[in-house]
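Biologist: I'd like to learn how to read a structure like this one. Could you walk me through it?

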Amino acid sequence: MPQTRSQAQATIGFPKKKPSRASDKAKKSSDPKVELTKVQAISLTPRVKSLPLSPRKRLGTCYQQAKLVLTTAVPDRLPAREKEMDVIRNFLREHICGGKAGSLYLSGAPGTGKTACLSRILQDLEKELKSFKTIMLNCMSLRRAQAVFPAIAQEIGQEGVSRPPGKDMMRKLENHFTAEKGPMVVLVLDEMDQLDSKGQDVLYTLFEWPWLSNSRLVLIGIANTLDLTDRILPRLQAREKCKPQLLNFPPYTRNQIATILQDRLNQVSRDQILDSAAIQFCARKVSAVSGDVRKALDVCRRAIEIVESDVKSQTILKPLSECKSSSESLVPKRVGLSHISQVISEVDGDRMTLIQEGAQDSFPLQQKILVCSLLLLTRQLKTKEVTLGKLHEAYGDVCRKQQVAAVDQSECLSLSGLLEARGILELKKNKESRLTKVSLKIEEKEIEHALKDRTLIGNILATGLP
């Protein structure tokens with residue numbers, strides 16, 4: 001019998017008529033309909049494979065997707081900011097296409113969409129127009145106001161950027177922006193109010209550059225201060241042509257925040273992951289305090305994390321026969337008003353809820369280690385804020401010493417965002433995530449008092465960094 005099967009397999013493997021069949025199929029494949037069908041079949045294959053087979057993993061997929069769209073990254077759509085985006089888009093088109101220098105100042109409270117709207121428009125215009133160069137600098141990352149000039153010089157490829165800005169460097173920069181040949185340059189300075197200097201020489205110089213003869217510079221400043229150009233730069237009022245165009249971003253209203261949250265969530269699931277009442281409650285609370293949509297995103301992300309943790313901790317799962325079909329998003333437990341309320345109370349009430357009896361489980365282990373790592377690192381470096389890159393290195397060292405699995409840098413940023421939503425950390429975002437500045441918003445004594453009763457955390461604080 002084994003020999004018979006072997007012979008049969010050999011015969012089937014090399015049929016005499018197989019080449020002719022293959023050639024017939026090759027001829028048929030010339031039909032565009034057939035080719036299209038093949039392409040569609042190939043493109044659909046990864047989607048089927050990507051669905052987790054494990055019921056536990058499949059239940060958690062919807063939460064992971066929801067947390068992903070609730071990040072503060074620049075989205076494809078920015079609801080409730082259509083008017084402001086039209087103003088920015090028209091301004092840039094007029095100046096870039098017309099070869100006309102100018103300046104625009106965007107003001108508004110944190111989390112009102114200033115940087116996100118501008119970044120979205122610039123990304124779209126870079127695909128459409130090829131006649132301009134963009135330079136984006138976050139002034140928060142500069143040690144002093146005068147450092148903005150070497151940073152600009154570095155972006156345009158000039159030498160000697162390590163030297164302090166002198167007359168030679170300033171002359172080279174002016175010559176670059178006023179040269180007859182070359183593309184229009186869009187210079188974006190985020191957190192522009194950080195360029196405060198004696199006599200405001202730095203800010204005055206920047207706002208005067210677009211009005212030099214033959215200038216190709218379009219300057220866009222972004223800051224929280226509404227009256228920066230009027231209060232800090234009064235001399236601009238005397239020179240009418242040097243005054244920038246002003247655009248203020250008002251705080252988001254309750255309805256606008258609710259619309260943004262629902263728009264993000266609709267991108268990943270046909271099922272309602274957050275109850276409508278929970279979304280409205282979050283929007284009402286955040287709009288009443290600040291109108292900062294980033295806070296609303298962080299609160300919802302933290303609430304989803306709580307529900308996801310509850311679902312994962314369940315030991316009894318429904319049989320697969322009782323689950324929905326694999327093509328539908330499964331939401332085993334929705335985020336309700338109580339979960340949003342819990343997160344908001346942690347932020348607005350007692351920030352370190354760990355000190356309350358029975359609240360230990362609300363503070364995950366990885367977040368505890370991250371907070372302690374930041375405390376130890378700020379002590380060691382004798383500074384109030386550190387970069388996310390350095391914090392992740394210290395966090396990794398602590399985890400290895402304690403034999404605890406560490407998360408990667410992107411997840412570390414996510415953990416930091418959740419801790420910011422709790423009011424424990426403060427993040428100063430940077431274009432490169434590893435350069436994001438992280439600092440504590442509460443006193444060291446409060447942290448130690450809240451965490452000292454936990455054996456592992458007490459050991460970390462007592463031992464220090466490796």
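Modeller: Let's go from the whole chain down to single residues. This is a predicted model, where local features need pLDDT of at least 70, side-chain atom pairs count only at pLDDT 80 or more, and totals for chains, interfaces and linings use all residues. Residues are numbered from 1 along each chain as its sequence is written, and side-chain values use heavy atoms, with hydrogens and water left out.

Biologist: What pLDDT does the protein average?

Modeller: pLDDT is the predictor's confidence in each residue, from 0 to 100. The protein averages 78, and 74% of the residues score at least 70. Where pLDDT is low, the predicted coordinates should not be read in detail. Over residues 1–15 pLDDT stays under 50, and the model has 0 contacts there beyond four places in sequence; a contact means heavy atoms within 4.5 Å. Residues 350–361 also stay under 50 in pLDDT, with 29 such contacts in the model.

Biologist: How many helices and strands does the protein have?

Modeller: Both are DSSP runs numbered from the N terminus: helices are H or I with at least four residues, strands are E with at least two. Here you get 20 helices and 8 strands.

Biologist: And which residues are buried in helix α9?

Modeller: Buried means under 20% relative accessible area, exposed is over 50%, and partly exposed lies in between (1.4 Å probe, protein chains only). Across the protein, 44% of the 466 residues are buried. An α-helix has 3.6 residues a turn, so residues three or four places apart point the same way. In α9 (residues 201–208), the buried ones are Val-202, Leu-203, Tyr-204, Leu-206 and Phe-207. Their packing partners include β1 (102–108), β3 (184–190) and β4 (217–223), along with helices such as α7 (148–155).

Biologist: Sheets next. In what order do the strands of the 3-stranded open sheet come?

Modeller: Strands of a sheet pair through backbone hydrogen bonds, either parallel or antiparallel. By the rule used here, two strands pair if DSSP finds at least two bridges between them. This sheet has the order β6-β8-β7, with antiparallel pairing. β6 (385–387) and β7 (425–428) are at the edges with a single partner strand each, so one side of each has no neighbour in the sheet. On average, neighbouring strands are turned by 25° against each other, direction ignored. β7 and β8 (residues 437–440) run antiparallel and are joined by 4 bridges; Leu-425 has Leu-440 in β8 as its bridge partner.

Biologist: Which helix lies across β6, β7 and β8?

Modeller: For such angles, axes are lines fitted to C-alpha atoms, for helices over the stretch in contact, and angles run from 0 to 180 degrees between N-to-C directions. That helix is α16, running at about 95° to β8. Helix α17 (residues 388–402) packs on the sheet too, touching β6 and β8, with its direction at about 85° to that of β6.
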